[in-house]
Amino acid sequence: MRRALAAAARGGRPPARLASTAAEAVPSSSSSLSVYEFEGLRVIELSRVEELNSLDMELAGELNRMLAKWEDNAMVSSVVLRGDQGCFCGGTDLDWLRMNRDAAPELYGALADLYLRISTYRKPVVSLASGTIAGGGLGLANTPFSVATEKTTFSVSEPSFGLVPDGSVLHMLANADKESGVPVGRYLALTGAPIIGADMARFSLLPYFVPDVSLDDLVAQLSSLSSLSSARQPDLRRALTLFSEEGPNTEGLELADLPPSLLADEVAHSGGEAEAWTRKETEAVAACFAHNSVEAIWSSLEARSGSSEWARSTLEQMSRAHPAALKATLRLMDGCARRPLSEAVDLTIAVAARISNESGFDGAIAHAENGTAPEPITLKDLDQVPDESIDALFK
């Protein structure tokens, strides 16, 4: 099951580890993460490597408790989140969900609490989102200080498993669509197509783009800020801008003050299996994914498929999803766009829990366990999903 998810969203090489002399590793009660302590700064590194750093009840609860404790601790001014072994976060742990179906509402509730806590945290949270991000894992980067790298690859895999994405992610995707003016979020949510870090910054999904090789230097820079300074957003933004690929802020700094990673002649921009968007693809997404129903989006793609390899490929990607999950995802995304984050998350919890008990998730599990692929869906399959069945998920 997890291997199937991994195939849907592969990332780059492992992110750089913290230098052993820079911080002290604090033993954790869980093998799922490590904590590094600096003066005024805490760094959490997720390390459920075999599970793509996916979130189960234990890890979600531990992160919630840790962040709650630090939020009221005057000795902690800011927090850094990062992943280990080339993965930031694989989203909801589908293996855990499969084995604990009755606890789906509790898991989605714990994840909602975590995503809301991160997005509304009273202290700055810097999410170093390098490597693979799958589905709800993007909710850990729902902060004004999140960083993408050339190793970042994000994809939404839930509809291919008969599920819907988390409310925090749908809210981020909907807001990015409004800010960029291009329905990239809709495209990502409905197709499962990957997007690289540079394009995530370009389309307003993540605010900063920093070379992967500079992340340890960035953490060292953040740790060098005084406790008071690291809590001040302008100082934190300046530290992030210093390392930003869009142009480091080096005014007033001598060459010797810059970290070695910023002096390199070249920085790799490989996005793994994903590629940077072209203007033609952006225009096609704008034309096809502005429609208000999945059926209309599908028909628009079919109309272009005779002359467009992109349209044919996009239809193939959508055909791997469950039809009800596609319809529920689009309706949720439209609902999240009209709501504040807390209401968007509440709306999604109930729908996510209900759809996880539908046949689509069971079928995806069976195919994943057997190593088989489901029959591709067609426009006829979408037409056969009555609106009443989608309405029932939202009641």
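The largest nonpolar core of this predicted model has 96 residues, and L138, F154 and F289 have the most contacts inside it. A nonpolar core here is a set of buried Ala, Val, Leu, Ile, Met, Phe, Trp, Tyr and Cys residues joined through side-chain atoms within 4.5 Å. Buried means under 20% relative accessible area, exposed over 50%, and partly exposed in between, with a 1.4 Å probe and protein chains only. With neighbours within four places in sequence left aside, F154 is in contact (heavy atoms within 4.5 Å) with I133, A134, G135, L138, V169, L173, L188, A193, P194, I195 and M200. Another core, of 21 residues, lies apart from the largest one and has V43, F145, V210 and L215 among its members. In soluble globular proteins, nonpolar side chains tend to be buried together.

Residues are numbered from 1 along each chain as its sequence is written. The model is predicted, so that local features need pLDDT of at least 70 and side-chain atom pairs count only at pLDDT 80 or more, while totals for chains, interfaces and linings use all residues; side-chain values use heavy atoms, with hydrogens and water left out.

Of the 395 residues of the protein, 56% count as buried. The protein has 18 helices and eleven strands; these are DSSP runs numbered from the N terminus, helices being H or I of at least four residues and strands E of at least two. Among contacts with a separation of 6 or more, 74% join residues 24 or more positions apart.

S127 belongs to strand β6 (residues 125-128). Because its relative accessibility is 0%, S127 counts as buried. Its side chain reaches the backbone oxygen of L140 at 2.6 Å. Outside the four places on either side in sequence, S127 is in contact with L81, F88, L140, A141, T143, F145, S146 and V147.

H322 sits in the loop between α13 (309-318) and α14 (323-337). Residues up to four places away not being counted, H322 touches P159, G162 and G360. H322 and G162 are 160 residues apart in sequence, yet their C-alpha atoms are 5.1 Å apart. F38, in strand β2 (residues 33-38), is 38 residues from V76 along the chain, with 9.0 Å between the two C-alpha atoms.

| Residue | Relative accessible area | Class |
|---|---|---|
| F38 | 10% | buried |
| L52 | 15% | buried |
| S204 | 27% | partly exposed |
| H322 | 27% | partly exposed |

Most residues other than glycine have a negative phi. L52, which is not a glycine, has a positive phi of about 55° and is found in the loop between β3 (40-46) and α2 (57-71). S204 has a positive phi near 70° and lies in the loop between α7 (197-202) and β11 (208-209).

S204 also lines the second largest pocket: N142, N175, E179, S204 and L205 lie nearest its centre, among 13 lining residues. On a 1 Å grid over the protein atoms alone, a pocket is an open set of points where a 1.4 Å probe fits, with protein on both sides within 12 Å along at least five of seven lines, and lining residues have an atom within 4 Å of a point. The second largest pocket holds about 290 Å³ of space, a volume being the space filled by probe spheres set on the points. Its lining divides into seven nonpolar, five polar and one charged residue. For this count, Ala, Val, Leu, Ile, Met, Phe, Trp, Tyr, Cys and Pro are nonpolar, Asp, Glu, Lys and Arg are charged, and the others, Gly among them, are polar.

How values were computed
A polar contact is a pair of N or O atoms within 3.5 Å; within protein, one must be able to donate a hydrogen and the other to accept it, and residues adjacent in sequence count only if both atoms are side-chain atoms.
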